[in-house]
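Colleague: Hi! Could you walk me through this one? I'm new to it.

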Amino acid sequence: MKLPKKITIKEVSPRDGLQNEKLSISTEDKITWINSLSETGLSYIEVSSFVHPKWIPQLADASAVLEKIGRKPGITYAALVPNLRGLVRALETNVGEVSVFMSASEAHNQNNINKSIEETYPVLEEVVKEAKIAGKTVRGYLSTVIGCPYEGRIAPSQVRKVADRLLSMGIDELSLGDTIGVGVPSQVEQLLEELLPHFKTQQLAMHFHDTRGTALANIMKSIEMGITTFDSSLGGLGGCPYAKGASGNVATEDLMYMLHEMGIDTGVDFKAVMKSAKLIKKILGKKLNSRQMDILLAEEKECLT
Ligand code: HMG
Ligand code: MG
């Protein structure tokens with residue numbers, strides 16, 4: 001198998017990770033932690049989300065976080081926006097990039113953003129248009145690309161239909177989300193076989209939740225098919241509150257271990273990532289869903305005994 005020399009990791013834990021955390025984290029702790037992520041070599045950090053604060057109270061401080069974090073050159077500090085109201089709030093903070101989002105399945109779209117798929121298109125079209133006028137790049141997320149918690153398996157042709165609409169709006173990249181982590185490599189293959197005749201690999205990123213432990217296998221299948229951008233989350237944090245049973249994204253450190261051992265460059269420093277993972281572990285006061293963290297903690301315990 002021919003491997004790429006470089007893979008881009010897009011870190012989504014401050015948004016996808018924290019949006020699912022019950023414990024309320026202070027704005028100061030978020031800022032300290034995001035600043036530590038800026039020291040890792042990551043080039044992309046999704047910092048927060050300008051959705052309705054009533055829907056995701058944990059990220060109600062998105063403006064303060066975006067305003068107060070230290071910004072390092074070469075890093076894109078992005079945020080999720082669901083509509084024009086969210087975009088206006090995001091632009092007030094000089095966000096680096098905005099991400100619009102919707103689902104391939106009707107029921108998840110309705111539960112997540114309170115609209116049908118058809119009703120969502122004009123909302124996002126307007127956001128993309130206005131974001132571009134403001135000089136911002138726009139990422140698009142498409143959720144439930146393999147399975148939906150309400151509708152079951154989603155046909156690749158349905159994903160292509162919605163992906164086509166999103167890319168025609170002028171988004172710069174489309175991230176395909178296995179929101180509830182049901183996918184297996186053969187399904188990833190079927191999905192990409194459907195999409196790749198129509199879209200370039202550079203237009204696509206993959207966003208795997210690791211609910212059933214298949215994320216790394218799915219990433220390997222995606223790499224084999226030419227994808228070179230992956231979303232991941234420090235400590236395996238994450239989940240969509242509007243997708244029953246959804247757990248965290250693939251852990252950034254577990255993904256890095258695999259890629260680095262295969263000789264693929266990510267530009268990210270493993271030790272710095274583990275330092276940042278330890279910080280969020282301390283803030284959250286809980287065990288992380290990360291094999292690399294388990295190993296580090298076991299080694300440290302051994303040193304002490
Ligand atoms: P809605 O209630 O249908 O909104 O919510 P509306 O347009 O009817 O407006 C109702 C009121 O909310 C109005 O206020 C608006 O101004 C206000 P009023 O006039 O009544 O006083 N409002 C807002 N206020 C602040 N910020 C806003 C905003 N929008 C409207 N942005 C909405 C629709 C989309 C806002 C709502 O459903 C929502 O916030 N949903 C959040 C969903 C969410 O965050 N889900 C998790 C992220 S997606 C995900 O995790 C998947 C992903 O990781 C990929 C994957 O894994 O697959 C990306
Ligand atoms: Mg997600």
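Colleague: Of the contacts in the chain between residues at least 6 apart in sequence, what share joins residues at least 24 apart?
Modeller: That share is 73%. Keep in mind that this is a predicted model.

Colleague: Good to know. How many helices and strands are there in the chain?
Modeller: The chain has 12 helices and 10 strands.

Colleague: And how does the radius of gyration go with a compact globule?
Modeller: It agrees: a compact globule of 305 residues would have a radius of gyration near 19 Å, and the chain has 18 Å. Along the principal axes, the C-alpha atoms fill a box of roughly 60 × 45 × 35 Å.

Colleague: What percentage of the residues is buried?
Modeller: Buried residues account for 55% of the 305 in the chain.

Colleague: Switching topic: which residues are the protein donors of the magnesium ion (ligand 2)?
Modeller: Asp 16 through OD, plus His 207 and His 209, each through NE2. These donors lie 2.1 to 2.3 Å from the ion, and their spacing along the chain is D-x190-H-x1-H.

Colleague: Where do Asp 16 and His 209 lie?
Modeller: Asp 16 is in helix 1 (residues 13–17), while His 209 is in the loop between strand 9 (204–208) and helix 9 (215–224), so the pair ties together parts that are 193 residues apart in sequence.

Colleague: Is Asp 16 buried or exposed?
Modeller: Asp 16 is buried, with a relative accessible area of 2%. His 209 is buried too, with a relative accessible area of 2%.

Terms used: Residues numbered from 1 in each chain as written. Chains lettered and ligands numbered in written order. Predicted model: local features only at pLDDT ≥ 70, side-chain atom pairs only at ≥ 80, totals over all residues. Heavy atoms only, no water. Helix = DSSP H or I, 4+ residues; strand = E, 2+ residues; numbered from the N terminus. Rg over C-alpha atoms; globule rule 2.2 N^0.38 Å. Buried < 20%, exposed > 50% of the residue type's maximum accessible area, 1.4 Å probe, protein only. Contact = heavy atoms within 4.5 Å. Donors = N, O, S within 2.8 Å, 3.2 Å for Na, K, Ca; no water.
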